[in-house]
Amino acid sequence: MMEPEVEAVFKDAESLYEEALRDLEAKRVRKAAENAWAARLRATNALILSKIGRMPEYVPETRNMLEELAIKHPEVEALVGRFYTGETFLHGHCFYLGICPPEVVERRVRETGKYIEDAKKLARVVGHCKRK
């Protein structure tokens, strides 16, 4: 069972993902991309909170802490590339630059649901780390 604070952050991630799906249905592709990115970020932060015991404050800190987890727990490595795909494509290319091929955005948004599921599984099974 997860800590209540971790569970709340995962619920927020799921809520953002559901909003991204509604945005897709309404053809708000750019908004869907940003909500999906935010959902991935929140799920990643929940995983980090569950294992390291504190929430990253900024995205660069999330990146560093995710990499730290992946070094200590190789099973986390499966999320690393997917996290960067969300940041680079959904957040950077689509939301900020407006480069949003609808089919690609839809695929990446829908992949976010699996990302959240995988982060939750890892939060339950990966051992705790101690920060140096």
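Cys 94 is buried, at a relative accessible area of 0% (buried means under 20% relative accessible area, exposed over 50% and partly exposed in between, with a 1.4 Å probe and protein chains only). The model is a predicted one, so to speak of local features takes a pLDDT of at least 70 and side-chain atom pairs count only at pLDDT 80 or more, while totals for chains, interfaces and linings use all residues. Residues are numbered from 1 along each chain as its sequence is written, and side-chain values use heavy atoms, with hydrogens and water left out.

Cys 94 has a partner in Cys 100, and the two sulfur atoms sit 2.1 Å apart in a disulfide (a pair of cysteine sulfur atoms within 2.5 Å). That makes up the count, as the structure holds one disulfide. The link between Cys 94 and Cys 100 is right-handed, with 110 degrees about the S-S bond. Cys 100 also counts as buried, here at 18% relative accessibility.

Next come the aromatic rings. A pair of aromatic rings is described by the distance of the centres and the angle of the planes. Rings of Phe, Tyr and Trp (its six-membered ring) pair if their centres lie within 6.5 Å; planes under 30 degrees apart count as stacked, over 60 as edge-to-face and the rest as tilted. Searching the whole structure turns up three aromatic pairs. One of them joins Phe 83 to Tyr 84 edge-to-face, at 5.6 Å centre to centre and 80 degrees between the planes. Phe 83 counts as buried because its relative accessibility is 0%, whereas Tyr 84, at 28%, counts as partly exposed. Phe 95 and Tyr 96 also pair edge-to-face, with 5.2 Å from centre to centre and 80 degrees between the planes. Phe 95 comes out as partly exposed at 30% relative accessibility, and Tyr 96 is exposed, with a relative accessible area of 55%. Ring pairs also tie Trp 37, Phe 83 and Tyr 84 together into a cluster.

Then there is Val 109, which has its place in helix 5, residues 102-125 (helices, H or I and at least four residues, and strands, E and at least two, are DSSP runs numbered from the N terminus). Val 109 counts as buried because its relative accessibility is 0%. Leaving aside residues up to four places away in sequence, Val 109 touches Tyr 17, Ala 20, Leu 21, Leu 24, Ala 32, Ala 33, Ala 36 and Leu 90, where contact means heavy atoms within 4.5 Å. As for Ala 20, its C-alpha atom is separated from that of Val 109 by 7.0 Å, with the two residues 89 apart along the chain.
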